[in-house]
Amino acid sequence: MDKRMAKNDTLYCSMFNHHEVVKKLLNDHVVTPAAGTDKDQLLLDGFRYRRANNSQVTWRCVRNNCAGRVTFDGTQYIKLTDQNHAPNPDEIIAAEFKSKISERAITFDDPPRRIINEALLNIHTDDGTTIPSYTSSQRTIERNHKRNGIPLPRPTSFGDISIPAELRITSSGDRFFII
């Protein structure tokens with residue numbers, strides 16, 4: 001993958017063997033909870049930041065050996081010090097994916113497979129290698145379910161089981177399950 005930064009705060013990524021170039025404005029920002037924690041992360045300009053010393057306005061790079069800092073003045077983020085490394089779009093994609101599955105696991109009692117599949121719908125096929133493995137994602141969801149007291153569904157009778165209509169018919173059109 002070739003990644004180039006333009007002068008107008010735009011990141012261009014091109015994939016080898018693919019005839020497409022992806023453009024992303026780097027002044028876009030997202031504040032998201034870090035997966036598995038109750039701490040916020042700021043995704044800005046292709047970098048990940050964490051709050052600096054419990055500050056509400058100053059953020060520092062998540063890399064310990066980097067002095068990159070930004071501050072929020074109420075309307076925009078202002079760079080205080082530069083990073084000592086290049087932006088990593090793959091890291092941002094993985095952080096956004098982890099945040100999405102963690103948020104969904106906290107608010108819904110959906111099974112891990114459904115949460116992961118819904119989060120994967122928003123991931124480009126070329127970015128599939130940047131996201132965590134299925135097993136890792138499943139464990140993240142199960143930990144969030146357990147931490148927030150969301151029980152696993154335990155039907156006590158056949159009537160408690162709800163089978164969606166699209167799963168009641170086989171690919172040849174026959175009824176799969178008789179109710």
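## A charge over a ring

The charged end of Arg104 sits over the ring of Phe108, at 4.1 Å from the ring centre, where "over" requires NZ of Lys or CZ of Arg to be within 6 Å of the ring centre and within 35 degrees of the ring normal. This is a predicted model, in which local features need pLDDT of at least 70 and side-chain atom pairs count only at pLDDT 80 or more, while totals for chains, interfaces and linings use all residues. Residues are numbered from 1 along each chain as its sequence is written, and side-chain values use heavy atoms, with hydrogens and water left out.

## Helix α3

Helix α3 covers residues 134-147 and reaches 20 Å from its first C-alpha to its last, close to the 20 Å expected at 1.5 Å a residue, the expected span being 1.5 Å times one less than the number of residues. Helices here are DSSP runs (H or I, at least four residues), numbered from the N terminus.

The buried residues of α3 are Ser137, Thr140, Ile141, Asn144 and His145, where buried means under 20% relative accessible area, exposed over 50% and partly exposed in between, with a 1.4 Å probe and protein chains only. Seen down the axis of α3, these buried residues fall within an arc of 135°, so they line one face of the helix; the arc is that of the directions from the helix axis to the C-beta atoms.

## Ala95 in helix α1

Ala95, found in helix α1, is buried, with a relative accessible area of 13%. The C-alpha atoms of Ala95 and Leu43 are separated by 8.5 Å, although the two residues are 52 residues apart along the chain.

Terms used. Helix = DSSP H or I, 4+ residues; strand = E, 2+ residues; numbered from the N terminus.
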